[in-house]
Amino acid sequence: MIYHSTKKFRKGWAMKRKSWVLVLGICLALCFFASVVMVAAEDDPKVGNSVGNVKFAKPLSDDEAKYLGLAKAAEFTLKDIKAPYVFVEQFSTTCPHCMVQAPVLNNLFNMAQQDAGLKDKVKFLAAGQGNDEAAVKMWKAVYKVPFPV
């Protein structure tokens with residue numbers, strides 16, 4: 001009888017120890033993740049920082065390629081755009097916040113185009129994240145986006 005209860009105790013203790021190790025491991029992982037996020041959030045963007053050599057799909061039309069200063073409608077990077085500043089909007093065709101933001105960005109684009117000092121200095125570009133070409137074309141038509149998508 002004593003042997004039997006001791007065996008149960010040891011088995012129960014082993015299970016409790018495994019649970020504690022698992023909980024401790026999860027807590028340590030969360031603490032590590034939170035500290036990495038906090039350190040990354042402390043750094044403000046600085047002039048001259050680079051987003052890397054991001055490749056974009058070809059513009060939907062030759063007119064969009066011309067607006068961006070590209071030789072032809074083909075894959076390109078931000079360095080290929082002929083402007084000192086590029087405003088890049090990231091959107092998804094199913095995102096409700098993006099749907100609300102589209103007319104606001106259209107107005108911002110129109111204001112920049114009307115300002116002679118900004119017209120050739122700032123180029124606008126929208127990048128559909130996770131969307132195929134048909135969805136992006138629909139987005140451009142529905143929200144009357146005047147800049148390259």
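A pocket here is an open set of points on a 1 Å grid over the protein atoms alone, with protein on both sides within 12 Å along at least five of seven lines, and its lining residues have an atom within 4 Å of a point. This is a predicted model, in which local features need pLDDT of at least 70 and side-chain atom pairs count only at pLDDT 80 or more, while totals for chains, interfaces and linings use all residues. Residues are numbered from 1 along each chain as its sequence is written, and side-chain values use heavy atoms, with hydrogens and water left out.

**View 1. The whole protein, as a starting point.** Five helices and four strands make up the protein; these are DSSP runs numbered from the N terminus, with helices being H or I of at least four residues and strands E of at least two. Their order along the sequence is α-β-α-β-β-α-α-β-α. Of the 149 residues, 24% count as buried, meaning under 20% relative accessible area with a 1.4 Å probe and protein chains only. Among contacts (heavy atoms within 4.5 Å) with a separation of 6 or more, 56% are between residues 24 or more positions apart.

**View 2. The second largest pocket and its lining.** About 400 Å³ of space lies in this pocket, where the volume is the space filled by probe spheres set on the points, and points are joined across faces, edges and corners. Its lining counts 22 residues, and A57, A126, A127, G128 and V149 are those nearest the centre. Two or more lining residues come from each of α2 (62-68), β3 (85-91), β4 (122-128) and α5 (133-142). Look to β4 for the biggest share, four residues. By class, you will find 13 nonpolar, five polar and four charged residues in the lining; Ala, Val, Leu, Ile, Met, Phe, Trp, Tyr, Cys and Pro count as nonpolar, Asp, Glu, Lys and Arg as charged, and the others, Gly among them, as polar.

**View 3. Helix α3 and its kink.** Helix α3 covers residues 96-114 and spans 29 Å from its first C-alpha to its last, close to the expected 27 Å, which is 1.5 Å times one less than its number of residues. Follow the helix to A102, shortly before the proline P103, for a kink of about 30°, the angle between axes fitted to the seven residues ending there and the seven starting there. C98, A102, L105, N106, F109 and A112 are buried in α3, and their cover includes α2, β3, α4 (116-119), β4 and α5.

**View 4. A closer look at T77.** T77 sits in strand β2, residues 76-77. Its relative accessible area is 10%, so T77 counts as buried. Beyond its neighbours within four places in sequence, T77 is in contact with N53, V54 and K55.

Key: On a 1 Å grid over the protein atoms alone, a cavity is a set of points where a 1.4 Å probe fits but cannot get out, and a pocket is an open set with protein on both sides within 12 Å along at least five of seven lines; lining residues have an atom within 4 Å of a point. Buried means under 20% relative accessible area, exposed over 50%, partly exposed in between (1.4 Å probe, protein chains only).
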